[in-house]
Amino acid sequence: MRLALLLVAATAIVSTCQAWQQRVDYIMTVKLDPAARTITGSERIDYRNNSNEALGQVFAHLYWNAFQPGSMMEAQLRRMGETAQANRIANLPLNDQGHVTIDSVIVNGHAAPFTILGTILHVTLATPITQGSNADIII
């Protein structure tokens, strides 16, 4: 699995004005292969839900997926009139393109279904992360 730094965020609607912030701790085990221009590994995430609602899904950013022809980043740059930057992404040689491949997601010991849309990893949780509880996520 090619792995980029994953920043995890969860969806929740705040029903009060009280501020809160999720807590996420990461342990990453990675191997850099400069010749192949890859990073492989896994990431263990301890995710604490500090919101006032149960979370049925979590998201992670796969930033490197933006750097490939046809990406949402290329399209956004074109919409913004940044043609030179968009063309740079559109014409990236294969060995210069970014890409994150996710092989599996395990949440609290169970395989979790996931989808990838561009730079966003969306994980559906079989059991919501309740208010004040933690989830062990392995990618």
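**Ground rules.** Residues are numbered from 1 along each chain as its sequence is written, and side-chain values use heavy atoms, with hydrogens and water left out. Because the model is predicted, local features need pLDDT of at least 70 and side-chain atom pairs count only at pLDDT 80 or more, while totals for chains, interfaces and linings use all residues.

**Confidence.** I looked up pLDDT, the predictor's confidence in each residue, from 0 to 100. The chain averages 86, and 86% of the residues score at least 70. Over residues 1-17 pLDDT stays under 50. For that stretch the model has 65 contacts beyond four places in sequence, a contact being heavy atoms within 4.5 Å. Where pLDDT is low, the predicted coordinates should not be read in detail, so I left that stretch alone.

**Helices H1 and H2.** I took helices (H or I, at least four residues) and strands (E, at least two) as DSSP runs, numbered from the N terminus. H1 packs against helix H2 (residues 83-90) at an angle of about 160°, with the axes 8 Å apart. The axes are lines fitted to C-alpha atoms, for helices over the stretch in contact, and angles run from 0 to 180 degrees between N-to-C directions. H1 is therefore roughly antiparallel to H2; the cut-offs are under 35 degrees for roughly parallel, over 145 for roughly antiparallel, 65 to 115 for roughly perpendicular, and oblique for the rest. From H1, I noted Met73, Glu74, Leu77 and Arg78 in the contact; from H2, Thr83, Gln85, Ala86, Asn87, Ile89 and Ala90. By class these residues are five nonpolar, three polar and two charged. Here Ala, Val, Leu, Ile, Met, Phe, Trp, Tyr, Cys and Pro count as nonpolar, Asp, Glu, Lys and Arg as charged, and the others, Gly among them, as polar.

**Glu74.** I then checked Glu74, which lies in helix H1. Its relative accessibility is 11%, so Glu74 counts as buried (under 20% relative accessible area is buried, over 50% exposed, in between partly exposed; 1.4 Å probe, protein chains only). Beyond its neighbours within four places in sequence, Glu74 touches Gln68, Pro69, Ala86, Ile89 and Ala90.

**Loop between E4 and H1.** Asn65 is buried, at 6% relative accessibility. Setting aside neighbours within four places in sequence, I found Asn65 in contact with Ser71, Gly98, His99, Val100, Ile116, Gly118 and Thr119. Gly70 is in this loop too, but Gly70 is exposed at 67%. Gly70 and Gly118 are 48 residues apart in sequence, with 9.6 Å from C-alpha to C-alpha.

**Loop between E3 and E4.** I found Asn52 here, partly exposed with a relative accessible area of 26%. Asn52 and Gln131 are separated by 79 residues in sequence and by 5.6 Å in space, C-alpha to C-alpha.

**Positive phi.** Arg37 has a phi near 60°. Arg37 sits in the loop between strand E2 (23-33) and strand E3 (38-48) and is exposed, at 52% relative accessible area. For Asn108, phi is about 50°. I placed Asn108 in the loop between strand E5 (106-107) and strand E6 (110-111), where it is partly exposed at 44%.
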